[in-house]
Every structure is written in C-alpha cells, then in structure tokens.
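Please consider the pockets of the structure shown below, and the residues that line them.

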Amino acid sequence: MNAPALLQVSAVSKRFGGLAALEDVSLSVGRGEIYGLIGPNGAGKTTLFNCMTGLYDLSAGHIHLEGVPLHGRKPHHIVEAGFARTFQNIRLFANMTALENVMVGRHPRTRAGVLGAVLRTPGARAEEAAIHNRARELMEYVGLKNKGRTLAGHLSYGDQRRLEIARALATEPRLLALDEPVAGMNPTERRQMSDLFLRLRAGGLTLLLIEHDVKLVMDLCDRVAVLDYGRKIAEGEPALVQRDPAVIAAYLGGDEA
Ligand SMILES: Nc1ncnc2c1ncn2[C@@H]1O[C@H](COP(=O)(O)OP(=O)(O)OP(=O)(O)O)[C@@H](O)[C@H]1O
Ligand SMILES: [Mg+2]
C-alpha cells in the first residue's frame, strides 16, 4: 500500500447560503511537492485554504494531514498539526516590531506556556531566549535581516509578505500554504521569493501555493490544480494544464464576464 499523501482533500464542498464556493473538490499533495492552486478570481482558492486551516467549517467532505483529520478542528490545532499559512490580505500585528511578530508565531510550540511567561520562571526565560534566537534566524532566512526592530506596519509591502512567511515558519510547519505571496511585488522581488520557496522545499517543507503569476507557477510548481466556480477542472503538470482546453476556456470566460 502506498504511504498516505501529506495532505488529502476529499470531496470538500463549501456553501455560503445559495452560493457553492467549493463543490466536491478532491486533491492530494505529496511530501516535498510545490503544489499550485490557480483559477480565475472568485474560483474558491482562498475559501479552500480557509477550509483547510479551520477558519471555515466544511459543508461536506474531509481533509487529512498525514492521515490525521483536520476537518472540525480549530485553527490552532491545525497549526499544531504542522500546517501553517499566510493570508491574501496580510495579517500582521502592525504596532508590534517585525521580530515580535515572528516570536508570536513561535508560541504554539513553546512549553512554559502563558503562565510561565507571565511569572518569568527560569524555564520560561530560557525558552524566551531560544524563541528570540530562532525568530532572528528566520528573519534572516526570509531576507529581513536588520529589520527586526521596525514596526511591522512600517515595512514595505514586500517585506510584510516576507514577514508573514517568517511568522508562519516559526510554527515549524511541515506544510506551508501561501495565498498570493508575490502579489504586488516587482520582478526582482518575485525572483527572490522563488528562491526562498525553493530553499524551503530543499529544507524538507511542502508548499501549497495560490498564485496568479503564471510564469512563477510554471517555473516552480511540480503540479497544479485549477479551480473554476468552486470545481476542480484540471490537475497535473503545469505545462500540460496550461494547454488544457477547459482551463483556457475558464480564463477566457472570466474575461468575457
Ligand atoms: N465568508 C464568505 N461569505 C460569503 N461568500 C464568500 C465568503 N468567502 C468567500 N465567498 C465567496 O466565495 C467565492 C470564492 O471566493 P474566494 O475568495 O475563495 O475566491 P479566490 O479564488 O480566492 O479569488 P481571488 O483570486 O479573487 O482571491 C466568491 O464568490 C466569494 O464571494
Ligand atoms: Mg483569494
């Protein structure tokens, strides 16, 4: 028998009143893959991330990470299970420093807990120092060395996106889901981000990537799935999917409307 996929999405539907945002979507992501999720605006990509990460209840279906059910779990349980994400609309603590934002990401993995941190027990202090060091390492890793003291809200847009990734990495995920991570970036920044994603994969992480930049998807992704009106209309190697008539029709249809 084959080992289970890292992430298995099985027949997931999500309805908002009369709108079927997702309809019977199944896909599986293997360990070490960079898996792209593409599709026209409103296709259901972010909704699928929200279903995977516990922000939305499923209307139907199941989601498993290494065989462990994620559906019905709270977002923090899903983070603890090893699934981290970033947001299409950046969600940082704007009035905290960049470094503090990353340190917050680390807290699901700490042992001393909130009480230890408040009471400043020796164990909690040692842990705090370790968190601080790891946060600095991650800042450097994503290209934000020397920006640790800057308030998150004062960082450039591209740097805020990098910071979101550092914060997600601080939770020590096995799977990282990125919702349009290079939106609004220039070509140089996009290349830097591609390099970052490849380094992350080389380090053993599996990546799930929502992205409208076709070139980036073609260059980076091992496989892509295409959503259109909440349904998966194609899946496979990027070069093949790009030529799929149903995919071409979906994108042209979007322009028409
Ligand atoms: N919380 C919600 N309540 C009601 N409708 C929602 C909600 N979230 C998403 N939708 C609807 O579900 C559909 C899919 O939206 P979603 O944000 O998942 O699309 P997307 O593929 O991420 O699009 P984009 O590329 O523009 O980010 C849209 O019609 C959207 O209006
Ligand atoms: Mg979206």
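By class, ten nonpolar, four polar and four charged residues make up the lining of the largest pocket; here Ala, Val, Leu, Ile, Met, Phe, Trp, Tyr, Cys and Pro count as nonpolar, Asp, Glu, Lys and Arg as charged, and the others, Gly among them, as polar. The model is predicted: local features need pLDDT of at least 70 and side-chain atom pairs count only at pLDDT 80 or more, whereas totals for chains, interfaces and linings use all residues. Residues are numbered from 1 along each chain as its sequence is written, and side-chain values use heavy atoms, with hydrogens and water left out.

The largest pocket holds about 490 Å³ of space. A pocket is an open set of points, on a 1 Å grid over the protein atoms alone, where a 1.4 Å probe fits, with protein on both sides within 12 Å along at least five of seven lines; lining residues have an atom within 4 Å of a point. Of its 18 lining residues, Val 79, Arg 85, Phe 87, Arg 167 and Thr 171 are the closest to the centre. Because domain 1 (1-82 + 173-257) and domain 2 (94-171) both contribute residues to this lining, the largest pocket lies between them; the domain bounds come from an automatic or database assignment.

The second largest pocket contains about 310 Å³ of space. Its lining has 14 residues, of which Leu 99, Arg 136, Asn 146, Gly 148 and Arg 149 are the closest to its centre. By class, this lining has three nonpolar, four polar and seven charged residues.

Notes:
Chains lettered and ligands numbered in written order. Points joined across faces, edges and corners; volume = space filled by probe spheres on them.
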